[in-house]
Amino acid sequence: YEKNKTDNFSNIVIYSAEKSTALHLVSGHSAYLLLDSLSKNSPAFYNFNVKNFERMQQIKSQYVDIDTNEFFAPNLLKLRNFIVFQNQKIFVLSGKQKLFPSNNKMKINTLYVRNNARIPFSKLLSSIQFDNVVVDGSNSPFYEKSWCDSCLKYQIPCYSTRKSGYLCLIP
């Protein structure tokens with residue numbers, strides 16, 4: 001029964017890691033761990049968070065650098081800053097990335113903010129339509145607060161992994 005239960009299980013885990021980015025995409029026994037270079041080189045982070053999760057879920061993950069331009073797998077497409085997994089669309093917004101206003105807004109489920117993204121929120125809203133925002137631990141407290149305050153102003157749900165810990169999304 002337990003094995004059958006995990007065969008059909010899918011989720012997205014966004015870890016709470018100081019100054020790091022880590023997303024776990026799990027579909028049955030297939031798992032993909034998207035990491036930045038800092039997370040890969042932190043054995044304490046890996047052993048405590050990732051390894052325990054993998055044991056609990058009875059999975060072994062394939063590691064993918066989050067900055068990889070293209071990655072294709074069953075139920076997963078990563079193309080530049082877009083991740084599509086089990087019908088969930090995630091846009092990864094990082095650092096000094098630029099977006100341009102468009103007549104056709106991109107529609108995504110989750111905006112994932114990392115590495116102190118500096119784009120003005122109003123400019124972002126003219127390019128992308130999103131349901132919620134996740135701000136991870138790679139952002140400084142200043143940028144984290146700025147993103148959370150902007151979300152509050154525009155009444156968009158915001159989740160900070162620094163304040164609330166890891167986040168598990170079920171597609």
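# Strands, neighbours and cover

Guide: In strand β1, S10, I12 and I14 point one way, N11 and V13 point the other way, and all are buried. This is a predicted model: local features need pLDDT of at least 70 and side-chain atom pairs 80 or more, while totals for chains, interfaces and linings use all residues. Residues are numbered from 1 along each chain as its sequence is written, and side-chain values use heavy atoms, without hydrogens or water.

Visitor: What makes β1 a strand that is largely enclosed?

Guide: Strands are DSSP runs of E, at least two residues long, and helices are runs of H or I, at least four; both are numbered from the N terminus. Strand β1 covers residues 10-14. Buried means under 20% relative accessible area, exposed means over 50%, and partly exposed lies in between (1.4 Å probe, protein chains only). Five of the five residues of β1 are buried, so the rest of the structure largely encloses this strand.

Visitor: Why do side chains in a strand point two ways?

Guide: In a regular strand they alternate between the two faces of the sheet.

Visitor: How do you know that β1 pairs with β2?

Guide: Two strands pair if DSSP finds at least two bridges between them. β1 and β2 (residues 22-27) have five, in the antiparallel sense. So by the definition they pair. β1 also pairs with β12 (residues 167-169), antiparallel, over three bridges. I12 has a bridge partner in each: L25 in β2 and L169 in β12.

Visitor: Which strands are the edges of the open sheet?

Guide: The sheet has seven strands in the order β5-β6-β7-β8-β9-β10-β11, with mixed pairing. Its edge strands are β5 (70-73) and β11 (158-160), since each pairs on one side only. The twist averages 20 degrees from one strand to the next. β5 and β6 run antiparallel, joined by four bridges. There E70 stands opposite L79. Helix α5 (residues 141-153) packs on the sheet, touching β8 (88-94), β9 (106-114), β10 (128-135) and β11. The directions of α5 and β11 make about 160 degrees, on a scale from 0 to 180 degrees between N-to-C directions of lines fitted to C-alpha atoms, for helices over the stretch in contact.

Visitor: Why is T161 called buried?

Guide: The relative accessibility of T161 is 0%, under the 20% cut-off, so T161 counts as buried. This residue lies in helix α6 (residues 161-164). Contact means heavy atoms within 4.5 Å. Leaving out residues up to four places away in sequence, T161 touches I14, Y15, S16, V134, V135, D136 and G137.

Visitor: Is S127 buried or exposed?

Guide: Its value is 3%, so S127 is buried. S127 sits in the loop between α4 (121-125) and β10. Beyond neighbours within four places in sequence, S127 is in contact with L99, F100, P101, K105 and M106.

Visitor: How exposed is L77?

Guide: L77, in strand β6, has a relative accessible area of 31%, so L77 is partly exposed.
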